Amino acid sequence: MNERNQGKVVILMYHNIENNNSEISIQDRPYVLREQQFEKQMNFLYNQGYRVISLTDFVNWHKNKLMPSNGKYIILSFDDGHISNYSKAFPILNKYGFKAIFFVIVGAINKPGMLSWKQIMEMADSGMEIGSHTLTHRPPSQLTKEELKFELSESKKILEYHLEREIKFISSPTGYHNKLIGKVAKEVGYEAVCIGKIGSNNINSDLFSLKRIAIKRNHSLSIFRSLVKLHPNIFLYYKMSEIFRDFMKRLLGFKIYETTRRHLLNFKKKM
């Protein structure tokens with residue numbers, strides 16, 4: 001990490017890790033990494049001397065306004081709670097001595113293809129962090145304040161009851177972030193919110209709107225390297241793509257945008 005990136009923490013956002021293409025739905029495919037792809041990325045971080053820290057580490061630095069000056073800091077995060085987080089990602093993380101935070105959809109726990117309580121507990125006991133990805137994964141922008149408060153508070157209570165530990169962090173689902181989620185999250189007792197907006201963080205960042213970089217299936221190792229190093233050209237490209245997507249979401253609305261996206265992905269697959 002060069003001098004211009006000193007003091008910045010990159011939070012990477014993953015979803016599923018698979019090696020069986022037949023199990024991947026067309027709409028999920030862009031966010032499903034091959035097992036070998038994920039392994040190569042972790043190997044790169046390890047060999048390049050990146051320090052993989054916990055979200056708790058960063059929040060503590062933020063609260064104290066004191067961050068170690070010499071280091072390349074990465075936080076690994078996973079959204080949804082797919083079973084591959086346990087069967088594929090967890091062993092690879094252990095291999096390199098890395099920790100991660102797993103944001104789980106609480107209402108999906110124990111359902112087919114998703115993490116079980118036993119698996120979540122095993123990961124938590126090994127030092128992995130567990131966070132909420134809400135109760136049902138509904139887009140926050142589609143919810144009233146009361147509905148959003150229930151999603152955040154109920155998922156927190158259920159996780160804390162089963163895991164017998166405090167749940168301090170939550171990630172906003174579906175990419176449809178709104179400012180209200182940060183306000184509600186603070187009200188119900190969370191200490192930080194991770195969102196899907198691309199960017200890096202520092203000790204002056206808003207803890208209730210922490211930016212992340214989504215790692216996708218079509219990212220080569222070269223692109224991955226540029227993203228974690230915050231290379232300005234590649235970063236600008238993905239930032240502009242994000243701005244365009246956000247504009248289309250607002251223009252078309254949730255249902256039409258998602259339907260259009262699904263049709264486009266199907267069209268690309270047939271090409």
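Residues are numbered from 1 along each chain as its sequence is written, and side-chain values use heavy atoms, with hydrogens and water left out. Because the model is predicted, local features need pLDDT of at least 70 and side-chain atom pairs count only at pLDDT 80 or more, while totals for chains, interfaces and linings use all residues.

**Helix packing**

Two packed helices are described by the angle between their axes and the distance between the axes. Helices here are DSSP runs (H or I, at least four residues), as are strands (E, at least two), numbered from the N terminus. Axes are lines fitted to C-alpha atoms, for helices over the stretch in contact, and angles run from 0 to 180 degrees between N-to-C directions.

| Helix pair | Axes come within | Crossing angle |
|---|---|---|
| α1 (residues 35-47) and α7 (residues 221-228) | 11 Å | roughly 45° |
| α4 (residues 117-125) and α5 (residues 145-163) | 11 Å | roughly 75° |
| α5 and α6 (residues 180-187) | 10 Å | roughly 55° |

For the wording of angles, under 35 degrees counts as roughly parallel, over 145 as roughly antiparallel, 65 to 115 as roughly perpendicular and the rest as oblique. On the α1 side, Lys 40, Gln 41, Phe 44 and Leu 45 meet Leu 221, Phe 224, Arg 225 and Val 228 of α7, contact meaning heavy atoms within 4.5 Å. Those residues split into five nonpolar, one polar and two charged. Here Ala, Val, Leu, Ile, Met, Phe, Trp, Tyr, Cys and Pro count as nonpolar, Asp, Glu, Lys and Arg as charged, and the others, Gly among them, as polar.

Helix α5 turns up in two of the pairs. With α4, the axes cross at roughly 75°, which makes α4 roughly perpendicular to α5. Trp 117, Ile 120 and Met 121 of α4 touch Ile 158, Leu 159, His 162 and Leu 163 of α5, giving six nonpolar, one polar and no charged residues.

With α6, α5 is oblique and the crossing is right-handed. Lys 145, Leu 148, Lys 149 and Leu 152 in α5 meet Leu 180, Ile 181, Lys 183, Val 184, Ala 185 and Glu 187 in α6. This contact has six nonpolar, no polar and four charged residues.

**The cavity**

A cavity is a set of points on a 1 Å grid over the protein atoms alone where a 1.4 Å probe fits but cannot get out, and lining residues have an atom within 4 Å of a point. Among the lining residues are Ile 53, Leu 76, Lys 99, Gly 127 and Glu 129. By class, the lining has seven nonpolar, two polar and two charged residues.

**Two positive phi values**

Asn 110 has phi near 80°, positive although the residue isn't glycine, and is found in the loop between β6 (101-104) and α4. Thr 134, also not glycine, has a positive phi near 75° and lies in the loop between β7 (129-132) and α5.

Technical notes. On a 1 Å grid over the protein atoms alone, a cavity is a set of points where a 1.4 Å probe fits but cannot get out, and a pocket is an open set with protein on both sides within 12 Å along at least five of seven lines; lining residues have an atom within 4 Å of a point. A crossing is left-handed if the near helix is turned anticlockwise from the far one by less than a right angle, and right-handed if clockwise.
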